[in-house]
Amino acid sequence: MIRYVKSREALLVGVILALIALIASRFPAFILPSNLVNVFTDTSPLIILAVGQAIVILTRCIDLSVAANLALTGMVCAMLNVAYPGLPIPVIIAVALMLGAVLGAINGILVWKLTIPPIVVTLGTLTIYRGIIFVISDGAWVNAHEMSAAFTGFPRAEILGLPVLAWLAILTAIIFFIVIARTPLGRAFYAVGGNPHAAVYAGINVGKTQFWAFVLSGTLAGLTGYLWVARYSVAYVDIAKGFELEVVAACVIGGIAIAGGAGTIMGAILGAIFLGIIKNALPVVGISPFWQLAISGAAIVIAVAFNARAGRAKGRIILKRAEAEAQA
Amino acid sequence: MSDTARHIPDRLQSPALKAFKSWETLLLAVAIAIFVTNSFLSPYFLNAWNLSDATFNFTEKAMIAFAMALLIIAGEIDLSVASIIALASTAMGAALQLDVGTWGLVAVGLGTGVLCGAFNGLMVTGLGLPSIVVTIGTMSLFRGISYIVLGDQGFRGYPSDFSFFGQGYVWWVISFEFVLFAGLAVLYYILLHRTNFGRAVYAIGNNPTGALFSGIRVARVKFILFLLTGLMAGVAAVCLTSRLGSTRPTIALGWELEVVTMVVLGGVNILGGSGSIPGVVIAAFVMGLVTFGLGLLNVPGIVMSIFIGCLLIGVIALPRLWTMWRA
């Protein structure tokens, strides 16, 4: 019981509740159920991406290409819809999932088979994917009037008072909660990140596990690509530009250790919700939206400094003493 | 890569043969090939003034790449350099509103860069945090501060003598920026390849624990490297602001990628421990020539970025594919 109270997740829940209380004390309209639903729906893409990113970071990798993957998949879905307006939504979602998975698999293959550091791979694919959007769209926008009503209506359709977009975020969270906690693959993600050498001796293929992490992250980015484009009813080269940093921020705030092997899906989701509330509260409180980038940056720096206390590598005692003396 | 016993050769390779087979030689051949191809593809390429203009494509990025090369060799990375440029440029713009003179502006730009570098360095060495995350955070933070100050506005109206740093020519077609680039290349060459400090950088990149046991002040060396990277971003901010004549929060957006690409293309191991300044210099020319050549052929910037992305992955992937294929 005490373990749960002292956990990062409990702390985050406390911080989030305090944040909401603080905002509500000045602006009571913020905690109306309808507004909270709006905030959650608005945060849903971040939640879905953060779940995928959390898995990648657990395996000691990082995926900076998620936002570019999202934008490319979104553009392809939008162009498909314009070219074949009659295409049913499940087909479009299947295309989004598969294209996202393929783009993620490209990252995964480069990391697995060529052992290129993930940060280099995804920095590279991030620019390549963005560039491809320009090539296939010729720099043009796909606007709301060109998309079919079914295409843009799907994420906004309400079931039990919640839009489909929000339900998909919840569904993603549940599925991956089960995958992480109840499947061998889920355990492998932790094992690979916690100690790759030990994982090899335990019979786990490290590269292959990392490959699957990238595929999952890519698949979720692809799904978000369709949802994003449909929700905002526009697709162009620069959508969600820089969003990958917010996704990484959500994970770091949620207590996913960047050195891999530690953290929970729930933490990443709470981290995303924390950022989502700040983002939605800024205009309510009357702070310019230009503050948002600096706030999420500061949140990453503070969170990672906070994480360091818990996850600091324990070196040999003799070394630490020598280091302390060297610095004194 | 392989752990199998390394055989000891009967005879060492001659230095000339070793130099011939090096990454730098290959890169130089690529640079020359690109130069020749460009001059065939576009009639405007072989022109002293055009070539001089082409150097502006890479001089500012290369200045940062020198310091970044040392940082990467030491096993760290700084992804916040482009944001440091934005913040330093914003600080110069703010100083301009207070009627600070040209040299004051330069001091503000360099000072901001050093401060940002010190912040990164303190977070990494003081708190023992991974530099990737810290600098991803400060990447948002520094540019975010720029956005807070500027919003959708911009600073302009820099004094006319300030424009020398980015637009001035020292002699004929030789720009001030190019001279600065060449001077810094020599300085960094000496620092990395001819001083104890440079040896320490390699030692840390190969084995930080071993370096510590050898009496190298690992934390201090890393901190200095972050300071240098911040300072170089400050220098680049002065040049770029002077060249553009204005400051907007989106200045130098995405440059961190091009700088890292330049360093990796120059043969620096992204995992640390090896690399050289001449390699980075040639890589700067390769990237500058490619982007300039594509520009003359009316290829849009974003398509060039596909090329840079492929270059980044390709230069690391190809040698690995080659060894896999031979095995």
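1. A residue is called buried if 20 or more other C-beta atoms lie within 10 Å of its own, exposed if 12 or fewer, and partly exposed in between, with the C-beta atoms placed from the backbone. Helices (H or I, at least four residues) and strands (E, at least two) are DSSP runs, numbered from the N terminus.

2. This is a predicted model, in which local features need pLDDT of at least 70 and side-chain atom pairs count only at pLDDT 80 or more, while totals for chains, interfaces and linings use all residues. Residues are numbered from 1 along each chain as its sequence is written, and chains are lettered from A and ligands numbered from 1 in the order in which they are written.

3. On confidence, the predictor gives the complex an ipTM of 0.81 and a pTM of 0.86. The average pLDDT (the predictor's confidence in each residue, from 0 to 100) is 89 for chain A, where 92% of the residues score at least 70, and 89 for chain B, where 94% of the residues score at least 70. Over residues 313-317 of chain A, pLDDT stays under 50, and the model has 1 contact beyond four places in sequence for this stretch. Where pLDDT is low, the predicted coordinates should not be read in detail.

4. The contact between the chains takes 43 residues from chain A and 42 residues from chain B, two residues being in contact if their C-beta atoms, placed from the backbone, lie within 7 Å. On the side of chain A that touches chain B, at least two residues each are supplied by helix H6 (118-137), helix H12 (243-253), helix H14 (292-311) and helix H15 (317-327) of chain A. The largest share of that side, 13 residues, comes from H6(A). By class, the side of chain A that touches chain B has 32 nonpolar, 8 polar and 3 charged residues, where Ala, Val, Leu, Ile, Met, Phe, Trp, Tyr, Cys and Pro count as nonpolar, Asp, Glu, Lys and Arg as charged, and the others, Gly among them, as polar.

5. Helix H13 (residues 255-265) of chain B is largely enclosed by the rest of the structure, because 11 of its 11 residues are buried. Those buried residues include Trp255(B), Glu256(B) and Glu258(B). They pack against H6 of chain A, together with helix H4 (59-73), helix H5 (81-97), helix H7 (131-150), helix H14 (277-296) and helix H15 (301-326) of chain B. H13(B) is followed by Gly267(B), whose phi is positive, near 95°.

6. Within chain A, the axes of helix H3 (residues 33-58) and helix H13 (residues 265-285) come within 8 Å and cross at roughly 145°; axes here are lines fitted to C-alpha atoms, for helices over the stretch in contact, and angles run from 0 to 180 degrees between N-to-C directions. Among the residues making this contact are Leu46(A), Ile47(A) and Ala50(A) of H3(A) and Ala272(A), Ile273(A) and Gly276(A) of H13(A). The contact of H3(A) with H13(A) has 13 nonpolar, 4 polar and 1 charged residues.

7. Several residues of chain B deserve a look together. Ile85(B) touches Ala233(B), Ala236(B), Ala237(B), Leu240(B), Ile251(B), Ala252(B) and Trp255(B), not counting residues up to four places away in sequence. Ala86(B) lies in helix H5 of chain B and is buried, with 29 other C-beta atoms within 10 Å. Ala86(B) and Ile251(B) are 165 residues apart in sequence, yet 5.6 Å apart in space, C-alpha to C-alpha. With the same exclusion of residues up to four places away in sequence, the contacts of Ala86(B) include Phe142(B), Arg143(B) and Ala252(B).

8. Which backbone angles should be checked? Ala252(B) has a positive phi of about 60° although it is not a glycine; Ala252(B) lies in the loop between strand S4 (246-247) and H13 of chain B, and counts as buried with 26 C-beta neighbours inside 10 Å. Ser233(A), also not a glycine, has a positive phi of about 55°. Ser233(A) lies in the loop between H11 and H12 of chain A and is partly exposed, with 17 other C-beta atoms within 10 Å.
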